[in-house]
Amino acid sequence: MRFTHISIQNFKPYEDAELDLRDGVTVIHGVNGSGKSSLLEACFFALYGSKALAGTLDDVVTAGADDAEISLEFVHDGGQYRIDRRIRISGDRATTAKCVLEGPDGSVEGARDVRRHVGSLLRMDAEAFVNCAYVQQGEVNKLINATPTQRQDMIDDLLQLGKLEQYRERAGNARLGVEDVLTSKRSVLEDIESQITAKEDEDLHARLNALESELADVDEKIENYEAQRDKAKQARDAAQSTLDEHAEKRERLAEVESAIDDLKSKVAADESERDKLTTRIRELGDDIDDLDRTIEDAVEEMDLADANVDAIASRREALDDREAAIRDELSEARTRAQGLSAQAERLEERADELEARAAEKREAADADEQTAEKAASELESVRETRADIESSLETIEVSFADAPVELGDAAALLDERRGDRSAVRERLAETETELKNARERLAEAEELRDAGKCPECGQPVDGSPHVDAISEHEDAIASLEAERDTLESDLEALESAVEKAEALVDAESRADSHADRLELADERIADHEETVETRREAAETKRNEAEALETEAAEKREAATTQAERAAEVRETVETLEADLDALDARREQLRRVESLLDERSDAVDARERLREKRETLADVNRERREHLKERQNRRDELRETVDEAAVEQAKSSKEKAETYLQRVESEVLPDLREQRDDLQSQIGGVNADLERLDELRERRAGLAERVDALESLHDEVSTLESTYGDLRAELRQRNVEVLERMLNETFDLVYGNDAYSRIRLDGEYGLTVFQKDGTALEPEQLSGGERALFNLSLRCAIYRLLAEGIDGAAPLPPLILDEPTVFLDTGHVSRLVDLVEDMQNRGVKQILIVSHDDELVGAADDLVRVEKNPTTNRSTVERTDAPTLENALADD
Ligand SMILES: Nc1ncnc2c1ncn2[C@@H]1O[C@H](COP(=O)(O)OP(=O)(O)OP(=O)(O)O)[C@@H](O)[C@H]1O
Ligand SMILES: [Zn+2]
C-alpha cells in the first residue's frame with residue numbers, strides 16, 4: 001500500500017495544501033512548528049478519522065475556519081483508492097459532514113463504514129497502524145515499557161494470531177456447551193432407567209389379570225340386580241294401574257253425586273224464588289188498584305175529560321195559552337207602573353229644583369235690601385258733612401268782606417305787599433349807610449376844625465370859609481335821620497300789611513279745599529241715592545220671581561202625587577196577575593202528578609208481567625232439572641256396583657312391596673356395585689397406562705442412550721479442536737518470536753553497531769532482555785535514552801519486517817512512517833539510521849515517509865518536501881524541492 005496524493009484545506013496550520021507522494025524515501029523538513037507532523041497526521045486522519053486523533057475532531061479544523069477538508073489517494077493491492085473527508089464546525093462542535101471511500105469495488109459512505117472498510121482492507125485498525133507502521137513523534141518508550149502481555153496482544157493482533165485464540169475460545173465454549181448438554185442428558189437417562197426398574201418391580205401383568213376377573217364378577221352381579229329391578233318395576237306399575245282405575249271410578253262417582261246435590265239444591269232454590277215471585281205479583285196488583293183510585297179522584301178534581309195522555313196534553317195547551325195572555329198583560333202593566341213612577345220622580349225633582357231656585361231668589365233680594373239700607377245710612381252722614389263744609393266756607397267769605405281784595409286775589413296782594421316791603425328795606429339800608437357816612441364826614445370836619453384846618457381840603461384856615469360845611473353836614477344828617485325814621489315806620493306798616501295778606505292767602509286756600517270737598521260730597525250723595533233706589537227695585541223684582549217659582553213648585557208636587565197614586569194602582573194589577581201565574585203553575589203541577597201516577601201504574605203493570613214470565617221460565621227449568629236428576633241417580637247406582645274394595649287393598653300392598661325393593665336396589669345395592677366397577681375400571685386403566693408408560697420409557701431410554709453416545713464423541717472432537725487451536729497458536733507464536741528475535745538482533749546490530757551488547761532475547765512470553773558482552777542481563781528500561789530510541793526503532797522495524805514477510809502477500813503493508821526518529825541520536829547514529837532506512841528499502845519497503853530536519857537524512861531522501869509557515873499569516877505551505885544530489889548537499893554547505 002502506498003500513499004499517492006494528499007490534499008488538505010483548513011487542516012491545522014494548513015490553509016490549502018497539496019502534495020504528490022512517490023515511492024522511495026520522502027523526507028519532510030522544516031523548522032519547528034512549521035507543520036511537518038500535521039502533514040503525517042492528515043494522512044493518518046484520512047484513513048481512520050477521529051480514532052486517529054489524540055484529541056477531538058475540533059482540533060483538526062484550523063482555528064477560526066468553519067470546515068476542514070482532507071483528501072487522500074492511495075494504491076493498495078493493485079487498486080486505486082481515494083478517501084474524502086470534510087469536518088464542519090456547527091455550533092461549538094465539529095462533526096463529520098462528509099466521509100467517502102472510493103475504490104475499485106465502488107464507494108463506501110459514512111465515517112464508521114469507511115473506518116471499518118479501511119480496517120479490513122489493511123487488516124489493521126488505528127491502534128495496530130500506530131503499532132506497526134507509524135512511529136509517532138516522541139513515543140520512544142512505548143513498546144519498551146509495555147508489559148509482555150501487552151506486547152503479546154499487540155503482536156498477536158498484528159499477526160492475526162488473535163484469531164486463533166478466538167477460535168480456540170469458541171471451540172472451548174462449544175466443548176463446555178456439549179458438556180452441559182451431555183450432563184443433563186445423562187441425568188435424564190439415569191432418571192428414566194430408575195423409573196423403568198421401579199415399574200418392572202411392580203409386576204403389572206399379574207395385577208391386570210386379577211383386576212379383570214374381579215370386574216367380571218361385579219358386572220354379573222349388576223346384571224342380575226338390574227333384571228330383578230325391572231320385574232319389580234312391572235309389578236309396581238300393574239298395581240298402580242289397578243289403583244288408578246279405581247281412583248278414577250271413585251272420582252266419577254263423587255262427580256255424579258255432587259252433580260245430584262247441585263241439581264237438588266238448584267231446584268229447591270228456584271222453587272222458593274217462584275214463591276217469592278208469586279207474593280210480589282200479588283203486591284203489585286194491590287198497588288195498581290190503589291193507583292187507579294187516586295187517578296180517578298184527581299181526574300174528577302181537575303175536571304179532565306179522561307185519565308189519559310191526550311186529555312192531559314190538551315189541558316196543558318189551554319194552560320199555556322192562558323199563561324201567555326197573562327204574561328203579555330203583566331209586562332204591559334209593569335212598563336206602565338215603571339213609567340208612572342219615573343214621571344212622579346221627575347216631577348218631584350223638578351218641584352225640588354224650583355223651590356231651591358225660589359229660596360235663592362229670596363236670599364238675593366235680602367242681600368239687595370241690605371245693600372240699599374247701608375247706602376241710605378251713609379247718604380245721611382255724607383249730607384251732614386256737606387252742611388259743615390258749607391258753613392266753614394261762609395265764614396271765610398265773611399272774612400273777605402272788609403279785605404282790600406276779592407276772594408281769589410289774595411296771592412297778588414301778598415306779592416305787591418312783599419315788593420313794597422323789600423323796596424322800603426332797601427331804601428332804609430341805603431339811608432342808614434348815607435347817615436353813617438355823613439356822621440363820619442362830620443366827625444372828620446369837626447377834627448380838622450378843631451385842629452384849625454380846612455375841614456374840606458385840610459389846608460390850614462383861619463376861621464371859616466368852611467364852617468358852613470359843618471353845618472351842611474349837620475343838616476344832611478338831620479334830614480337823613482328824619483328820612484330814616486319815616487322809612488322805619490313805613491316798614492312797620494308794611495310788615496303788618498304783609499302779615500294780613502298772608503292770612504288772606506291762607507284763608508283763600510282753605511276755601512279752595514272746602515270747595516273740592518263739597519264737590520266730592522255731592523258726588524257721593526248722588527251715588528248713594530242711586531244705589532238705594534236701584535237696590536230696592538231689584539229686591540222687589542226678585543221677591544216677585546221667587547213667588548212665581550214657589551207657585552210652579554207647588555203645581556209640580558201636586559202632579560207628582562197624582563202620578564205616584566196612579567203607579568200604585570197599576571202595581572196592584574201587577575200583583576194580581578202574578579198571583580194568577582202562580583195559580584197556573586199549581587194546575588200544571590197537578591197535571592204532572594196525574595201524569596206520574598199514570599206512569600207509575602203502567603210501570604207496575606209491566607213489572608207484574610215480567611215477574612209472571614220469569615216465574616213461568618223457572619217452572620220450565622225445574623222440569624228439565626228433575627229429568628236430569630233422575631238420569632244421574634241411575635248412573636250413580638251403576639257406578640257404586642262396579643267398585644271392588646278387596647282388589648284395591650291387594651294392589652296397594654303389592655305396590656308397597658315393589659317400591660321398598662326398588663328403593664333398596666336403586667339407591668344402595670346398584671350404586672355400590674357400580675362404584676366398585678368404576679373403581680376397578682380406573683385401576684385397570686392405571687395399570688394399562690403404567691404399561692404404556694413403561695414401553696414409552698424404554699423407547700426414550702434407547703433414544704437417549706444413542707444421543708449420549710453421539711454427544712460423547714462430539715465432546716471428544718471439540719476438545720481436540722480446542723487444544724489444536726491452542727497448540728497451533730503457541731507454535732506460531734513461538735515461530736514468530738524466533739523470527740522477530742532474529743530480526744530484532746539484526747536491526748539492532750545494524751543501527752547500533754557497538755560491541756557493548758552481545759544480543760537481545762525475546763522469550764516465548766514476549767519478555768525482552770538485553771545481554772551485555774559479559775553475559776549480564778539488562779532490562780531495556782536500563783538503556784540510555786539514545787540506546788532506547790535505537791532499540792525502539794529496531795523493534796518497530798523488526799515488527800514491520802515480520803509483518804511484511806508474514807502477511808504482505810495478503811494485505812500489502814502501509815508506508816513506513818517515522819516522525820522525528822533522530823531526536824536522541826548523535827551524528828554517528830544518524831548515519832546508522834540512514835543505513836537502516838536503506839536496508840528497509842532493500843528489503844522491499846516501497847514507501848518510507850520521514851519527518852526530520854537532519855541534513856544527513858535529507859541527503860538520503862529520494863524526494864524532499866519542504867514545509868514552511870508564513871510568520872505573519874501563521875499558515876503553513878508545503879513544497880517539493882529537488883532531490884538533493886551530493887553536489888547540492890555540498891553546495892549548500
Ligand atoms: N487547529 C489548528 N489551527 C491552526 N493552527 C494549528 C492548529 N493545530 C495546530 N496548529 C499549529 O500547527 C503547528 C504544529 O504543527 P506541527 O506539530 O505539525 O509542527 P512540526 O513542524 O511538526 O514541529 P516540530 O518540528 O516542533 O515537531 C503549531 O505551530 C500550531 O500552532
Ligand atoms: Zn382849603
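G35 is buried, with 24 other C-beta atoms within 10 Å, where buried stands for 20 or more such neighbours, exposed for 12 or fewer and partly exposed for anything in between, with C-beta atoms placed from the backbone. The place of G35 is in the loop between strand 3 (24-29) and helix 1 (36-48), helices (H or I, at least four residues) and strands (E, at least two) being DSSP runs numbered from the N terminus. This is a predicted model, in which local features need pLDDT of at least 70 and side-chain atom pairs count only at pLDDT 80 or more, while totals for chains, interfaces and linings use all residues. Residues are numbered from 1 along each chain as its sequence is written, and chains are lettered from A and ligands numbered from 1 in the order in which they are written.

- In an unreviewed entry, UniProt places the feature "binding site" at K12, N32, G33, S34, G35, K36, S37, S38 and Q137; UniProt positions are given in the numbering used here, feature names are shortened, and annotations may be inferred rather than shown by experiment.
- Around ligand 1 there are 14 residues, of which N32, G33, K36, S37 and S38 come nearest, a residue being near a molecule or strand if its C-beta atom, placed from the backbone, lies within 6 Å of it.
- By class, the shell around ligand 1 holds three nonpolar, eight polar and three charged residues; Ala, Val, Leu, Ile, Met, Phe, Trp, Tyr, Cys and Pro count as nonpolar, Asp, Glu, Lys and Arg as charged, and the others, Gly among them, as polar.
- UniProt also lists C454 and C457 for "binding site", again from an unreviewed entry.
- C454 has its place in the loop between helix 9 (410-450) and helix 10 (467-642), and it counts as partly exposed because 17 C-beta neighbours lie inside 10 Å.

- Two packed helices are described by the angle between their axes and the distance between the axes.
- Helix 7 (residues 204-302) packs with helix 11 (residues 645-752) at an angle of about 160 degrees, and their axes are 7 Å apart; axes are lines fitted to C-alpha atoms, for helices over the stretch in contact, and angles run from 0 to 180 degrees between N-to-C directions.
- Helix 7 and helix 11 are therefore roughly antiparallel to each other, on a scale where angles under 35 degrees count as roughly parallel, over 145 as roughly antiparallel, 65 to 115 as roughly perpendicular and the rest as oblique.
- The contact of helix 7 with helix 11 has 25 nonpolar, eight polar and 15 charged residues.
- The axes of helix 6 and helix 11 come within 7 Å and cross at roughly 160 degrees, so helix 6 and helix 11 are roughly antiparallel to each other.
- In the contact of helix 6 with helix 11, the residues divide into 24 nonpolar, five polar and 17 charged.

- R207 lies in helix 7 and is partly exposed, with 16 other C-beta atoms within 10 Å, while R207 and I684 are separated by 477 residues in sequence and by 8.5 Å in space, C-alpha to C-alpha.
- D77 is placed in the loop between strand 4 (67-76) and strand 5 (79-90) and counts as partly exposed, with 13 C-beta neighbours inside 10 Å; the C-alpha atoms of D77 and P812 are separated by 6.2 Å, and these residues are 735 residues apart along the chain.

**Positive phi in residues other than glycine**

- Most residues other than glycine have a negative phi.
- R123 has a positive phi of about 60 degrees although it is not a glycine; R123 is found in the loop between helix 2 (111-122) and helix 3 (126-132) and, with 16 C-beta neighbours inside 10 Å, counts as partly exposed.
- E820, likewise not a glycine, has a positive phi near 50 degrees; the place of E820 is in the loop between strand 12 (816-819) and helix 13 (827-842), where E820 is partly exposed, with 17 other C-beta atoms within 10 Å.
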